[in-house]
Amino acid sequence: MAMDPSAAAQAEDAARRIEEAEAFFRAAPPLRDRDRLAASLADFVARHAAGNRGVVCITSGGTTVPLEQRCVRFIDNFSSGQRGAASTEYFLKAGYPVIFIHRRGSKQPYCRFLPEDSFLDLFELGEDSEIQVPQSHSSVVKAAISNYRKAIDEGLLLKLPFTTIFEYLQLLQMVATSMNCLGHRGMFYLAAAVSDFYVPWESMAKHKIQSAGGPLNMQLNQAPKMLFILRKKWAPSAFCVSFKLETDPNILLQKAEMALKKYGMNVVVANELANYKDVVVMVTSSGRTTVSRSSKEEDLEVQLTDLLVKMHSEHIAQPNS
Ligand code: PAZ
């Protein structure tokens, strides 16, 4: 029987995207420590596969795009990891085990309120040179230590670091294929800011690019759209939440709707650079929900994660809806 032409075009498009993704992975420099990371991931997923709770993979922070194989220079983006780190805390609070794929050096769960530029201000030397935490910081430090230790000791938090786009996408593939066994109980919360463009490893300069040759002309390739592969191949039953950031408010919602349909996401969280900490719009197939920060003291992620936990419970309860 002949295939409907639009279904044939879709199948062709899917095959092309999958081939592009596979070519990306074949050419990428191998992930350092892959076996050790894979073993801790397999152990984490196996432990939580036995329960009946959801498990969430959160991605956080920006990917770099190296310009040289022995990298001196790279392209980066603004993402601080604040959203991913805050959301990790709230998902843990809601009882979710969390796999936290994060940019090295970005914001970390429970450390968001510790001073960064004057870390040593957290400590002082006592009379016998013992280290003390001044009274003014002690409650923040105690809360950070106890919440973090609890998450680690109870085996609820697995942290996987990346720097480059190559590491990020390999980790995402590894986590998504491992989480596939969780079916509808798996959730992806993809808050990382992933570069749309990159220099393929095989065409990248090996050594530091020299300035003697005059101005630098460089062509960047488009990064393969891994959301599509995540949904189609790696973890088709999972609950997928992606984020869309724009600077132009006139195109934001339209782009979010497009991502929802094109990549088969359950939710696309649309945010604008000018106010992304204060307001986001959750776009789903049944409409749009605006989520705003209720006060300067409360993280927007409190409400956002709360709504997503409810939607994920429905996804688990009614897998075919
Ligand atoms: O990491 P952060 O808290 O500084 O920023 C979060 C964010 C704006 C990067 C995130 O909400 C987001 O929109 N991520 C996806 C960006 C994109 O690729 O469109």
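The following legends describe views of a predicted protein model.

**View 1. The whole chain and its overall dimensions.** The protein contains eight helices and 14 strands. Its C-alpha trace extends over about 85 × 60 × 45 Å along the principal axes. A compact globule of 321 residues would have a radius of gyration near 20 Å, and the value of 21 Å for this protein agrees with that expectation. Of the 321 residues, 33% are buried. When contacts between residues at least 6 apart in sequence are considered, 71% of them connect residues at least 24 apart.

**View 2. The open sheet of eight strands.** The strands of this sheet follow the order S7-S4-S1-S8-S11-S12-S13-S14, and their pairing is mixed. Strand S7 (157-162) and strand S14 (287-292) form the edges, each of them pairing on one side only. From one strand to the next, the twist averages 15 degrees.

**View 3. The pairing of strands S4 and S7.** Strand S4, which comprises residues 98-103, runs parallel to S7, and six bridges join the two strands. Within this pair, Arg103 is located opposite Phe162 of S7. Strand S7 is also one of the two edge strands of the sheet.

How values were computed:
Residues are numbered from 1 along each chain as its sequence is written. This is a predicted model: local features need pLDDT of at least 70, side-chain atom pairs count only at pLDDT 80 or more; totals for chains, interfaces and linings use all residues. Two strands pair if DSSP finds at least two bridges between them. Helices (H or I, at least four residues) and strands (E, at least two) are DSSP runs, numbered from the N terminus. Axes are lines fitted to C-alpha atoms, for helices over the stretch in contact, and angles run from 0 to 180 degrees between N-to-C directions. The radius of gyration is taken over C-alpha atoms; the globule rule is 2.2 Å times the number of residues to the power 0.38. A residue is buried if 20 or more other C-beta atoms lie within 10 Å of its own, exposed if 12 or fewer, and partly exposed in between; C-beta atoms are placed from the backbone. Two residues are in contact if their C-beta atoms, placed from the backbone, lie within 7 Å.
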